[in-house]
Amino acid sequence: MTSGLLKHGVAIARIVLGAIFLYAGALKVADPKAFAGSIEAYRLLPYFGNYLAASIIPWIEIICGLVLVTGWRAKLGATVTILLNLVFIAAMVSAIARGLEIDCGCFKQGAKDPPLLAIGRDLVFIAMAALVLWQDRRNATD
C-alpha cells in the first residue's frame with residue numbers, strides 16, 4: 001500500500017511539474033520579445049544570443065512539459081528539466097552576485113519575484129524531477 005501511494009505521489013509530482021513547464025513555456029512562446037528582454041537583463045549573452053535563447057528555451061520547456069505530463073520519455077524530460085533549472089539557478093546567482101536587480105523571466109514578465117524565491121522554486125522543481133528519475137530507476141530494478 002505504501003509503495004502504491006509513493007508511486008501515485010511521484011506520478012502527481014511528474015504531472016504537476018510537466019504542467020508548470022508547459023505553462024511557463026507557453027507564456028514565453030506567446031511573447032518571445034519580452035522573454036528576450038528578460039534574458040538580456042542577466043547580461044550573460046550577446047544581443048543575438050538573447051533572441052536565440054528566447055526562441056529555443058520556451059520550446060524545450062514545452063517539450064519537457066509534454067513528456068512529463070504524458071509520461072512518455074519522462075526520464076529524459078526530468079533530466080532536461082534538472083539541467084534547465086541548474087542553468088536558471090546559475091544565472092540567477094550570477095545576477096545576484098553582480099548586484100543586478102532583475103525579473104527572473106520565469107513566468108509572467110514583470111512579476112518581480114524575489115531572486116531567492118525564484119531559486120527556491122527552481123530547487124523544488126529539481127527535487128520533483130529527481131523524484132521522477134528515482135522512481136524510474138526503482139521501477140527498472142523491480
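A residue is called buried when its relative accessible area is under 20% and exposed when that value is over 50%. With that cut-off in mind, select Cys64 in this predicted model: because its relative accessible area is 3%, Cys64 counts as buried.

Cys64, by contrast, takes part in no disulfide, and the cysteine sulfur nearest to it, that of Cys106, is 15 Å away.

Now move to helix α1 by selecting residues 2-30, a run of 29 residues that spans 42 Å from its first C-alpha to its last, close to the 42 Å expected at 1.5 Å a residue. Within α1, colour the buried positions, which are Val10, Ala13, Arg14, Leu17, Gly18, Phe21, Ala24, Gly25 and Lys28. If you then display α2 (32-41), α3, α4 (74-97) and α5 (115-141), you will have in view the helices against which the buried residues of α1 pack.

From there, turn to helix α3, residues 47-70, and select Phe48, which is found in this helix. Phe48 counts as exposed because its relative accessibility is 61%, and the cut-off for that word is over 50%.

Terms used: Residues numbered from 1 in each chain as written. Predicted model: local features only at pLDDT ≥ 70, side-chain atom pairs only at ≥ 80, totals over all residues. Heavy atoms only, no water. Helix = DSSP H or I, 4+ residues; strand = E, 2+ residues; numbered from the N terminus. Buried < 20%, exposed > 50% of the residue type's maximum accessible area, 1.4 Å probe, protein only. Expected span 1.5 Å × (residues − 1). Contact = heavy atoms within 4.5 Å. Disulfide = S-S within 2.5 Å.
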